[in-house]
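Got a new structure on the screen and wondering what the labels on it rest on? Let's go through it in questions and answers.

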Amino acid sequence: MQTKPFRIGTRGSPLALAQAHETRSRLMAAHGLPEDMFEIVVLSTTGDRITDRSLALIGGKGLFTEEIEAQLSSGALDLAVHSSKDMPTKLPEGLHLSAFLPREDIRDAFIGRAAKRLLDLPQGATVGSASLRRQALIRRLRPDLDVIVFRGQVDTRLGKLAEGKADATLLAYAGLKRLGKLDVPTEILDPVTFPPAPAQGAICVESRIGDDRVNGLLSAIDDRPTHAAVACERGFLATLDGSCRTPIAGYATVEGDHLRFRGTILTPDGSRFHEIETSGPAADAAALGEKAGEDIRTMAGADFFESWS
């Protein structure tokens with residue numbers, strides 16, 4: 001019988017805390033456990049502390065997870081809650097993504113001061129985004145716009161926008177929903193013309209491989225369609241060496257036992273891109289994503305990837 005609280009590791013941003021609280025609530029409901037059986041442990045990560053530079057320049061996605069994963073590996077934490085799109089494709093030895101909560105909206109939200117729609121921005125307007133995917137997609141649609149690096153928590157970026165440091169910015173719609181900021185977006189972007197980051201909108205839970213007590217606890221809240229979709233998208237990313245240094249988009253949908261996937265790769269300036277679609281059994285999700293990555297790499301040719309470095 002568990003007597004000590006399960007320790008849940010998380011970053012300290014309002015969005016990260018909302019995700020940790022949702023995970024705790026689902027675990028409480030699934031197992032009939034009181035709130036005091038789950039302790040939320042807040043940790044600061046390098047990615048949270050350094051906000052004046054692009055992640056691509058300071059180390060990539062792992063900067064949001066390294067400190068938390070070190071505590072998880074040591075046994076100081078029992079599980080960790082993350083935004084799935086922040087997770088590197090290669091995890092530390094001994095750790096795995098053991099559960100995914102039901103996925104929120106995958107789309108990007110546009111927040112404009114100078115115009116309510118991305119395509120309506122005046123020529124030469126400034127758009128702030130730290131995501132290379134978003135930057136490349138903006139440049140593909142509107143090569144005349146001035147795209148600048150915009151980092152920080154949701155409220156930080158919205159504050160910069162209000163101060164006039166940019167004419168517009170983009171955020172994940174899922175995060176705005178989780179924070180109750182449904183009045184913030186001025187446009188919700190179509191995922192066909194503005195495809196999301198792989199794993200966008202999905203909360204994942206990381207735990208130690210072989211920790212049967214915790215993994216059994218988490219299996220009760222694992223949403224299988226989300227798990228399969230994200231496995232496919234991460235397979236696509238892994239094959240293409242996806243990181244914060246590479247503009248890659250992709251999303252999978254699962255209906256019953258069938259999965260459909262659509263992936264996009266772009267040059268950072270958005271001038272060239274390739275798209276791929278595939279489908280197959282949801283049970284083969286990771287393999288489908290990996291094969292799509294291999295096929296689009298062949299389609300694009302070696303010279304396409306030179307600009308990524």
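**The second largest pocket and its surroundings**

Q: Which residues line the second largest pocket, and what makes them lining residues?
A: Leu91, His96, Leu97, Phe100, His227, Ala231, Arg234, Gly235, Ala238, Ala286 and Glu290 line the second largest pocket. Lining residues have an atom within 4 Å of a pocket point, and a pocket is an open set of points on a 1 Å grid over the protein atoms alone, where a 1.4 Å probe fits, with protein on both sides within 12 Å along at least five of seven lines. By contrast, a set of points the probe cannot get out of is a cavity. This is a predicted model, in which local features need pLDDT of at least 70 and side-chain atom pairs count only at pLDDT 80 or more, while totals for chains, interfaces and linings use all residues. Residues are numbered from 1 along each chain as its sequence is written, and side-chain values use heavy atoms, leaving out hydrogens and water.

Q: How much space lies in the second largest pocket, and what counts as its volume?
A: About 200 Å³. The volume is the space filled by probe spheres set on the points, with grid points joined across faces, edges and corners.

Q: What makes a lining residue nonpolar, polar or charged?
A: Ala, Val, Leu, Ile, Met, Phe, Trp, Tyr, Cys and Pro count as nonpolar, Asp, Glu, Lys and Arg as charged, and the others, Gly among them, as polar. On that basis the lining divides into 6 nonpolar, 3 polar and 2 charged residues.

Q: Which elements supply at least two residues of the lining each?
A: β4 (95-100), α9 and α10 (285-300) do, and α9 gives the largest share, 5 residues. These names come from DSSP runs numbered from the N terminus: helices are H or I with at least four residues, strands are E with at least two.

**Two sheets**

Q: Why are β4 and β10 called paired?
A: Two strands pair if DSSP finds at least two bridges between them. β4 and β10 (residues 203-208) have 5, in the antiparallel sense, so they are called paired. Along the way, His96 of the pocket lining stands opposite Ser207 in β10.

Q: What is the order of the sheet of 5 strands?
A: This open sheet runs β2-β1-β3-β10-β4, with mixed pairing. What makes β2 (38-42) and β4 edge strands is that each pairs on one side only.

Q: What is the order of the sheet of 3 strands?
A: β11-β12-β13, again an open sheet, with antiparallel pairing. β11 (248-255) and β13 (273-281) are its edge strands. There are 8 bridges joining β11 to β12 (residues 258-266), and 9 between β12 and β13. As for bridge partners, Val254 has Leu259 in β12, and Gly263 has Ile276 in β13.

Q: How do you know that α9 packs on this sheet?
A: Helix α9 (residues 224-239) touches β11, β12 and β13, where contact means heavy atoms within 4.5 Å. Its direction makes about 150° with that of β11; such angles run from 0 to 180 degrees between N-to-C directions, using axes fitted to C-alpha atoms, for helices over the stretch in contact.

**A salt bridge**

Q: Why is the Asp78 and Arg7 contact called a salt bridge?
A: The rule asks for a side-chain nitrogen of Lys or Arg within 4 Å of a carboxyl oxygen of Asp or Glu. Asp78 and Arg7 meet at 3.2 Å, N to O, so the pair qualifies. Asp78 lies in the loop between α4 (66-74) and β3 (79-83) and Arg7 in β1 (residues 6-10), so the pair ties together parts 71 residues apart in sequence. By this rule the count comes to 27 salt bridges.
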